[in-house]
Amino acid sequence: MAALLGWMAKLTGTLRESPTTLPALGAVALFVAWAANQAGYPLTHWAPGALIVLALLAIALFSVPVRLAELPMVLRIALGCLALYTALSYLSILWAGVPADAWEGANRTLLYLLVFALFSLWPRRGASAVLLIGAWTIAMIALAVFVMLHVDASTHPAQLFSEGRLKYPAGYENASAAMWAMVVWPALLLAASARIPWAVRGLLAGGAVLLADLALLSLSRGSLFAMVAMLILVFALLPGRLRAFAVLVPSAIGVGVTTALVLRVGDRLSHGGDVKAALHGATTAVFVAAALVGLVVAAGAALESRGAFSQSTIARIRTAWAAIAIATVVAALAGGLAVAGDPIARVEHGWHTFKGGYAADRSGGSRLTSGLGSNRYDFYRVAIDEFAAHPLGGIGVDNFQQQYLLHGRSGETPHYPHSVELRTLTETGLLGALLAIVGLAAALWASSRAWLTAAARRADPLGASVALAALAGFVYWLVHGSVDWFWEFAGLGAPAFALLGLACALAPAQRSPGTARDPVVTQPASARPRERRRRVPVAATIAATTLAALAASVSLAAPWLSQTQVHGAARIWRTAPRKAYADLQDAARLNPLSDEPFLVAGTIALRFGDVARADREFSRALARTPGDAYATLERGAIASTRGERTQALKLLDRAVRLNPRDELTRQALALALQGRRVDIDELNRSILLMAGKFA
């Protein structure tokens with residue numbers, strides 16, 4: 001205990017010595033808050049958070065000004081490319097079909113740039129870095145404890161699940177799984193570090209069991225495959241395999257003995273049974289397993305920290321442990337092959353279900369092993385076709401939905417391509433892909449230098465451990481995000497870029513003569529004119545930075561405030577329609593690119609039977625977004641109600657071309673072609689029933 005208290009005192013001293021650690025800890029608290037509430041997906045959640053990150057970065061820059069000459073070259077390349085990619089995202093507003101969506105997507109990209117800068121700009125040692133990653137990891141473990149207990153105590157647990165898959169608290173099953181699984185790797189790799197107190201190592205190892213089981217409750221195939229890929233990467237590329245393996249074995253056993261009980265929860269929800277009993281049994285088993293694993297790892301770490309073994313004994317233990325590790329890997333491969341059966345047949349089945357969609361793998365077995373059925377094949381087909389049609393600059397950030405409505409084949413209406421790589425390629429073209437690849441490659445190279453240099457020089461072994469743990473967390477997000485739309489969840493993307501930035505900050509600093517930490521030297525009088533001449537660029541830099549910060553603040557605040565006004569109007573329109581209309585007009589002024597205020601105003605007007613106002617509002621919406629299928633359909637239905645058959649046919653035909661698979665739109669056009677009038681009230685009841693757009 002004395003050692004643990006001493007370690008905590010050392011970390012407290014680190015806070016005083018490293019002023020920029022405190023703003024970064026503020027960002028860590030923000031990440032956990034996002035994780036607890038829809039993983040930061042809604043604009044009204046992440047946009048104010050982005051303003052907080054901007055303020056934290058400004059505080060850090062004011063506290064410790066950055067000298068670019070001291071930053072490693074690879075980090076400067078990474079920051080430059082990511083900044084240019086952000087600028088390109090804003091530029092894509094000019095050619096995007098839905099400019100408001102492109103603006104929102106560019107703002108989200110700006111958030112990730114700000115986070116990366118906040119965590120990467122100031123060189124760090126292991127003491128301050130472990131404080132940041134440790135605070136995030138332990139806070140996420142604490143949140144996982146709360147979520148597990150909350151799900152178990154819920155009187156209506158089915159509301160927290162979707163088709164037997166836990167969606168709480170992210171609201172999307174795969175995002176919930178990724179939110180926990182991304183923390184597993186930093187927890188495990190930190191638990192393997194001899195530089196961390198034994199009690200903390202036990203807490204991290206036990207927490208990894210809880211995190212993995214909570215992720216398993218979401219039944220995410222992408223998470224399962226990403227975990228397997230991470231196992232391969234960790235043991236193929238990273239040093240310290242035996243230490244990591246020593247922590248992984250008890251953690252894997254803990255997860256293994258609870259898997260059946262965890263999976264039973266989803267089975268009871270999907271096929272009937274006592275859900276409460278299944279949940280309580282799984283919760284109890286998970287906490288017991290996590291506690292036992294934590295005790296085992298803590299006990300082993302305590303023995304190691306006391307130096308209870310001689311060097312020869314340690315050498316024999318390492319040899320034996322290496323043999324056990326090899327045998328375990330061989331056994332795992334053999335077991336995997338036995339479970340999978342014929343590998344060629346399994347690959348063929350996977351490809352068949354991937355192409356065939358959801359219906360292709362309805363075999364009645366476990367979702368995790370039945371196949372790869374989803375509509376992603378069709379999403380990717382459309383994304384690749386759009387890239388081929390717009391190869392240089394792409395279709396505009398976050399502008400995938402309109403193109404999928406036009407060219408997709410499934411019944412889904414995805415906003416995003418469900419792949420971070422295809423998102424980059426399709427929406428920002430070759431130019432954006434090149435910037436992203438070079439920027440991330442430079443950041444990954446800086447991260448690798450952090451642990452390679454520390455390991456080679458033995459100068460900062462704790463920093464090497466933190467760099468490995470942070471890099472593993474980012475790589476998990478990247479691997480899993482390759483098959484899902486995690487870029488759009490700030491509660492996933494922001495921690496990922498923070499981890500990448502933290503790993504970069506541990507890279508060796510590049511010092512130049514006469515920079516930051518050199519002692520102050522009195523200059524002779526002959527040097528003073530030159531000194532005055534140098535102040536002009538500094539002043540210009542400060543002015544440019546201030547203007548950029550103000551522009552970023554306005555860019556982040558305007559859509560957020562507009563969305564807040566829209567939500568307020570949607571809550572009060574039944575009792576205060578005039579106030580709702582006024583709020584929507586304010587929202588339209590705050591966000592001059594968005595058609596949403598006019599769409600909501602038009603829908604409200606239809607609810608009150610004010611057809612003339614509704615037509616005006618939908619017309620204004622189309623002036624901002626000419627390709628909006630909903631506004632076009634409503635204007636066509638209004639024209640039909642008025643008996644304006646020619647106008648109705650023109651609008652409804654366009655609505656069908658904009659959204660060719662929508663059954664309601666085709667039915668409305670068919671009625672108009674027959675010379676009958678569209679019942680606009682019935683149409684909107686059907687829209688509400690199918691989509692719940694304004695319930």
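These are short notes on selected features of a predicted model.

1. Start with helices H2 and H3. H2 covers residues 21-36 and H3 covers residues 43-63. Their axes lie 9 Å apart, and the packing angle is about 170°. Angles over 145 degrees count as roughly antiparallel. H2 and H3 are therefore roughly antiparallel to each other.

2. Look next at the residues in that contact. H2 contributes Pro 23, Gly 26, Ala 27, Leu 30 and Trp 34. From H3 come His 45, Trp 46, Gly 49, Ala 50, Val 53, Leu 56, Ile 59 and Ala 60. By class, the contact of H2 with H3 has 10 nonpolar residues and 3 polar ones. Charged residues are absent from it.

3. The loop between H2 and H3 deserves a look too. Gln 38 sits in this loop. Its phi is near 60°, a positive value in a residue other than glycine. Tyr 41 is in the loop between H2 and H3 as well.

4. In one of them, the ring centres of Tyr 41 and Phe 489 are 5.1 Å apart. Their planes meet at 35°, so the pair is tilted. Phe 489 belongs to the loop between helix H17 (461-481) and helix H18 (490-505). The pair links distant parts of the chain, 448 residues apart.

5. Now the cis peptide bond. It runs from Tyr 168 to Pro 169, with omega near 5°. Pro 169 lies in the loop between strand E2 (165-166) and helix H7 (173-191).

6. Last, helix H11. It spans residues 275-305, 31 residues in total. Its first and last C-alpha atoms are 44 Å apart, close to the 45 Å expected at 1.5 Å a residue. At the start of H11, a side-chain oxygen of Asp 274 comes within 3.4 Å of the backbone nitrogen of Lys 276.

Conventions
Residues numbered from 1 in each chain as written. Predicted model: local features only at pLDDT ≥ 70, side-chain atom pairs only at ≥ 80, totals over all residues. Heavy atoms only, no water. Axes fitted to C-alpha atoms, helices over the stretch in contact; angles between N-to-C directions. Helix = DSSP H or I, 4+ residues; strand = E, 2+ residues; numbered from the N terminus. Parallel < 35°, antiparallel > 145°, perpendicular 65-115°, else oblique. Contact = heavy atoms within 4.5 Å. Nonpolar A, V, L, I, M, F, W, Y, C, P; charged D, E, K, R; others polar. Expected span 1.5 Å × (residues − 1). Polar contact = N/O pair within 3.5 Å; in protein donor to acceptor, adjacent residues only side chain to side chain. Phe/Tyr/Trp six-rings, centres within 6.5 Å; stacked < 30°, edge-to-face > 60°.
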